[in-house]
Amino acid sequence: MKVLLIMTGGTIGSAFDGGSIDVRSDGRSAVVDRYTAEHSDVLFDTVNPLNILSERVSADDFNLLAKALYDIDDSNYDGVIVTAGSDTLAYLSAFVGLVLGGCALPVMIVAANKILTAPDSNGYENFCCAAELIKRGLRGVFVPYRNSDGVAYVHSATDLRQADLSEDFFSLHGAYGVYENGRFTEKHPYIGQRLPAVFGRENLPHISDNVLLLTPYPMQDYTRINTDGVRAVLHTLYHSATLDSPRAVGFVRELDVPFFIASVRAGQKPYATTKEIIEAGAVPLYDIAPECAYMKLLLACAQEKMSIQAFMQ
């Protein structure tokens with residue numbers, strides 16, 4: 001089996017040196033060294049478009065990653081593994097899932113909760129799970145990740161949410177499946193967001209830092225927000241799909257760029273506050289993880305072939 005390994009850095013590619021954790025300067029991957037020493041049936045071709053701690057990711061980094069993804073030769077591999085940092089895993093996995101939504105190969109995004117030398121690191125197990133799922137021909141873009149309960153969950157890449165302090169990851173609609181004792185079991189339908197066909201090898205996206213992401217909190221003061229250079233605004237919501245509409249309505253009405261809210265459940269009866277913000281001009285994005293909505297909106301602003309609103313549908 002032949003696998004393309006796209007390395008971006010992150011904890012899974014880091015080591016403890018000089019009093020802190022940082023990516024290995026040589027760009028090599030200890031997890032691949034260990035895996036190939038134990039498995040002779042898998043060959044890896046490796047590319048290193050990035051080698052950073054994921055919290056440092058920039059628009060330029062996403063553009064470099066996009067080029068690496070669009071350069072994949074489907075006919076030359078049995079699958080793809082992308083190593084990533086856990087801090088921004090939900091954002092990077094959404095990006096990869098959106099870009100490779102139509103890829104004919106199994107694509108796995110692998111991260112680690114701790115550096116590989118830590119006794120409780122899940123990095124190697126996540127990597128082994130990814131390789132095994134490629135061997136089984138699981139088609140789609142996925143994130144295999146072992147949570148603190150000892151179970152390796154397999155998430156649809158565009159449905160993943162950010163981890164909390166527990167270091168556990170969950171999906172908006174529940175994990176696609178679980179991998180236990182060498183056996184994969186599907187639990188929920190595959191959620192795969194797709195991009196409109198406006199990008200390709202000859203027309204790569206060029207992301208800029210031009211989307212404003214807002215999170216609700218009590219007594220939010222929208223008059224303090226600067227929207228200079230912003231092409232779109234995305235506002236996440238409280239768990240009941242609400243926000244402080246009396247304060248937000250004026251902000252939305254004064255904007256001259258699209259204002260989106262996520263995540264709203266399709267068919268859910270709205271609260272009065274939600275109804276007020278939609279009537280003021282907010283565009284609800286139904287049944288999409290906010291992290292995926294943000295990455296999709298960045299891509300929407302990187303193209304000119306269709307309106308941002310049409311791209312986001």
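This is a predicted model: local features need pLDDT of at least 70, side-chain atom pairs count only at pLDDT 80 or more; totals for chains, interfaces and linings use all residues.
I started at helix 3, whose buried residues pack against helix 2 (59-70), strand 5 (79-83), strand 6 (106-110), strand 7 (140-146) and helix 7 (290-300). Buried here is under 20% relative accessible area, exposed is over 50%, and partly exposed is in between (1.4 Å probe, protein chains only). Packing means contact, with heavy atoms within 4.5 Å. Helices (H or I, at least four residues) and strands (E, at least two) are DSSP runs, numbered from the N terminus.

Residues are numbered from 1 along each chain as its sequence is written, and side-chain values use heavy atoms, with hydrogens and water left out.

**Helix 3 again.** I checked how covered this helix is: residues 89-99 have 10 of 11 buried. Among the buried ones are Leu92, Phe95, Val96 and Leu98.

**Thr158.** I found Thr158 in the loop between strand 8 (152-156) and strand 9 (177-180). Thr158 counts as buried because its relative accessibility is 4%. Then I looked at its polar contacts (pairs of N or O atoms within 3.5 Å; within protein, one must be able to donate a hydrogen and the other to accept it, and residues adjacent in sequence count only if both atoms are side-chain atoms). The Thr158 side chain gets to the backbone oxygen of Ile191 at 3.2 Å and to the backbone nitrogen of Gln193 at 3.1 Å. Leaving out residues up to four places away in sequence, Thr158 touches Ala94, Gly97, Leu98, Ile191, Gly192, Gln193, Ala289 and Cys292.

**Leu116.** I moved on to Leu116, in the loop between strand 6 and helix 4 (123-135). Leu116 touches Ile12, Ala30, Val31, Ser121, Gly123 and Tyr124, again not counting residues up to four places away in sequence. From Leu116 to Asp159 I get 43 residues in sequence and 26 Å in space, C-alpha to C-alpha.

**Whole chain.** I stepped back and got eight helices and 14 strands for the protein chain. Buried residues are 55% of the 313. Of the contacts between residues at least 6 apart in sequence, 67% join residues at least 24 apart. Along its principal axes, the C-alpha trace spans about 60 × 45 × 45 Å.
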